[in-house]
Amino acid sequence: MEAIAADRVYVVVPVFNENADVLCETLVQLLAFFPQVVVVDDGSAVPLQVTLQDLPVYLLRHPANLGQGASLQTGTDFALARGAEAIIHFDADGQHTPADAARMLQFLREDRADVVLGSRFLNKEGAGPMPKGRRAVLQVGRVVNFVFTGLWLTDAHQGLRALNRKAAWSIRLQENRQAHATEVLLQIRTHRLRYVEMPVKTIYTEYSLAKGQRSAGAFSIFVDLILNKLFR
Amino acid sequence: MKAIQIVLVSGMVLAGLLFWLRIRTNFIVKPLLTLLLLTGVFFILFPDTTTFIANALGVDRGADMIFYLYIVSSLIVLVHFYGRLRALQATLTAVVREQAMQNYSKLGEPELKEPKAG
């Protein structure tokens, strides 16, 4: 397999009403590692054109808010249309580190997997000061994921992941909202993709905790998953 | 004829009229719904027949049987419309995505200005 050129690696960052400073900081850090960054604005109240005008990123905007899953799919479609060989999904709230994304890419470059999933529980520092409640919800999430997808992972609902071209083509997110993380696993299974978990560091700031999903959101993800099974 | 029968039958007739005039649907649904409406009118005019059918099915009162059937049928309708809602959402997503992909911009690059003619 030929090596993946740096300019064929696209990082997709879904954005919805993100704090401008946090977003810019995240993007600047990303750009230091990856030249091709695709920002998908999921219908934020304030358009990002001006906020991001000095950053060399691709900006796509959903005229209406669809959800994070839909944004990731839009960014992925865009990247594939431009000939992406690898696609990285990266959260906008600054909780992921570009260095982790680069390490994930290395797995793809060495052709050791089609999909690399981040895990906060593979090493000690990964989860850091994760609130206890969230830790408990994620444990339940692991079980739910296993029941729905048959994949027994160390983490549930981690936003950082890397896909090679084959995986990005096969995985089509139809869950527009938050259930996409489980949907990815489901489709890994359906399309028999090779996957690997990799320890990632997650930086919990007051901002990312407030912006991130509330634990109660886990329940609506569960409902979405059941409906997705019933109405495909 | 009791007053309530007049009210209910007029309601059914009105619903039937609206349905025939306004809703364009396929040739299976239309006769089926018409049949349903006619059955409804029949039961309103001869309520004892429902009790007769109910007893045959093991239900004591005709009104109870109608109520049970109503619950089941409304659930079916609910599921049907939920399916349609999802299909609609999928269409909307496709449209929004297409538009977002067409109108992308590459930022951080000075805009190319048209050279002014002579």
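This note goes through the salt bridges of the predicted model.

1. Ground rules. In this predicted model, local features need pLDDT of at least 70, side-chain atom pairs count only at pLDDT 80 or more, and totals for chains, interfaces and linings use all residues. Residues are numbered from 1 along each chain as its sequence is written, chains are lettered from A and ligands numbered from 1 in the order in which they are written, and side-chain values use heavy atoms, with hydrogens and water left out.

2. Total. Over all chains, the structure holds 10 salt bridges (a side-chain nitrogen of Lys or Arg within 4 Å of a carboxyl oxygen of Asp or Glu).

3. R194(A) and D111(A). These two form a salt bridge, with the closest N and O atoms 2.8 Å apart. R194(A) sits in the loop between α7 (180-190) and β7 (195-199) of chain A, and D111(A) in the loop between α3 (98-109) and β5 (115-119), so the pair ties together parts 83 residues apart in sequence. Helices (H or I, at least four residues) and strands (E, at least two) are DSSP runs, numbered from the N terminus. R194(A) is partly exposed at 36% relative accessibility. D111(A) is partly exposed too, at 30%. (Buried means under 20% relative accessible area, exposed over 50%, partly exposed in between; 1.4 Å probe, protein chains only.)

4. Network. Salt bridges link D111(A), D114(A), K166(A) and R194(A).

5. R120(A) and D155(A). Their closest N and O atoms are 2.7 Å apart in a salt bridge. R120(A) lies in the loop between β5 and α4 (124-127) of chain A, D155(A) in the loop between α5 (132-149) and β6 (161-164), so parts 35 residues apart in sequence are tied together. R120(A) is buried, at 5% relative accessible area. D155(A) is buried at 4%.

6. Chain B. R61(B) and D64(B) meet in a salt bridge at 3.1 Å, N to O. D64(B) is partly exposed, at 22%.
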